[in-house]
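Dear colleague,

Please find below the structure that I am handing over to you. My notes on it follow.

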Amino acid sequence: MPNYTLKIRRYDPESDDPPYWQRYDLELAPERSVLDAIVKLKEEVDGTIGFRHSCRGAICGSCGVKINGKPCLACNNQVGDCADDSGEITVEPQGNMPVIKDLIVDMDSVHWKKMKRVTPWLLPEGDPPEREYIVPIESMLDITQTVACIQCGSCVSDCLAMEVDPEFIGPAALAKAYRFVGDPRDAAHRERLQDLADDPHGIFDCTHCFMCVDACPKDVAPMDQIMRLRRKAIKEFDITDPNHGRSHEEAFVEVIEKKGTLDESKIMQDSFAPGIKEKLNPKNILPLIRTLPTMFRGIKSGKMRSLPKLIPGVHHKLEDQQAIKRIYKHAEAHGEELNLYIVGEGNEGTEDEGTSAESAEEPEVVKSK
Ligand code: FES
């Protein structure tokens, strides 16, 4: 049986010792899971290792950890796949949540608190029907992807926005919010969306880093659900927000469409005051002045690198403007997004996807909203 070394991050906040790595050698068949390895160590070598698990079948979500730096389920990853050439596997607790002991994190203070924030239950209107609610199949298919969440916290663990802003409602809770915003039995869609748009840590706080999409072991794609919330808020309910999230998104789309490059200065100004008329509006002068420290930080960090880039409109254009037009045309033709669980990954993407909107085939499956 092959030999492996598990390098486990140990920490007990109740002791005075700082976190440290402890190495354990063990023999195990390569197809056994990392969770099996930890259980074996706990039972046979060191009973003090703290970790959580239950189903051992990637269903309960309780064994979430980071293996080799990536959030995942310990029961869903085989030691043979995780070990490097020397047979070593590193296991550490999830990020963005305080450690209770070793591999156990405090999900109550972060994950579950945020989950409660989005009112995770249906808010129907009127008297309940005499018999069951009949929900259109398309609507249920639309929310199937979010229903697949097993609350393991992997997406929370790797969320970069939450790392910068711990108050961000976060990928798991916002994906849960879409589960109700997409459900026709719920009667508070507008109120929910307005609430999540008004919150400075809500739907417009996501930075599109895709980490949650990579981390999710159930393909919930939390970031996609956040984008669906945004689209519903803007397109269906014409919701604006006091944090300029909507205008920032619109400014971004417009600037890239015109230039293909990121004119940071223009995006910033248009986010607060789109168009000349709004820029001359006295009510927008103060918000524009307030952007100056952000601009200076951009210069200092190297994001805005040269003087011309600070003058709105002077930023250079990409040479191939036709390519940008093609991309936008393609995006518009695919405005009605397809739910991964309906089309399946294999059906997505043709050889010329991204270059020819006309050639894209119509899917024969139900479209999500
Ligand atoms: Fe239940 Fe891993 S033990 S998901």
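**Strand pairing**

Strand 3 and strand 5 (residues 88–92) run antiparallel and are joined by 2 bridges; strands pair if DSSP finds at least two bridges between them. Helices (H or I, at least four residues) and strands (E, at least two) are DSSP runs, numbered from the N terminus. This is a predicted model, in which local features need pLDDT of at least 70 and side-chain atom pairs count only at pLDDT 80 or more, while totals for chains, interfaces and linings use all residues. Residues are numbered from 1 along each chain as its sequence is written.

The bridge partner of Ile-67 in strand 5 is Val-91. In strand 4 (residues 70–73), Ile-67 stands opposite Lys-70. Strand 3 and strand 4 are antiparallel, with 4 bridges, and their hairpin has 2 residues between the strands, where Asn-68 takes a positive phi near 50°.

**Helices**

In helix 3 (residues 108–117), Val-110, His-111, Lys-114, Met-115 and Arg-117 are buried. They line one face of the helix, because they fall within an arc of 155° when seen down its axis (the arc is that of the directions from the helix axis to the C-beta atoms). Asp-108, Ser-109 and Lys-116, on the other side, are exposed. The cover over the buried residues includes helix 5 (154–158) and helix 7 (171–181). Helix 15 (residues 292–301), by contrast, is hardly covered, with 0 buried residues among its 10.

**Nonpolar cores**

A nonpolar core is a set of buried Ala, Val, Leu, Ile, Met, Phe, Trp, Tyr and Cys residues joined through C-beta atoms within 7 Å. The largest has 40 residues, of which Leu-174, Ala-177, Ile-203 and Leu-229 touch the most other members. Helix 7 gives the largest share of this core, 8 residues. Apart from it lies another core, of 26 residues, including Leu-35 and Cys-75.

**Confidence**

The protein chain averages a pLDDT of 87, and 88% of the residues score at least 70 (pLDDT is the predictor's confidence in each residue, from 0 to 100). Over residues 344–369, pLDDT stays under 50. Where pLDDT is low, the predicted coordinates should not be read in detail.

With kind regards

Definitions and conventions:
Two residues are in contact if their C-beta atoms, placed from the backbone, lie within 7 Å. A residue is buried if 20 or more other C-beta atoms lie within 10 Å of its own, exposed if 12 or fewer, and partly exposed in between; C-beta atoms are placed from the backbone.
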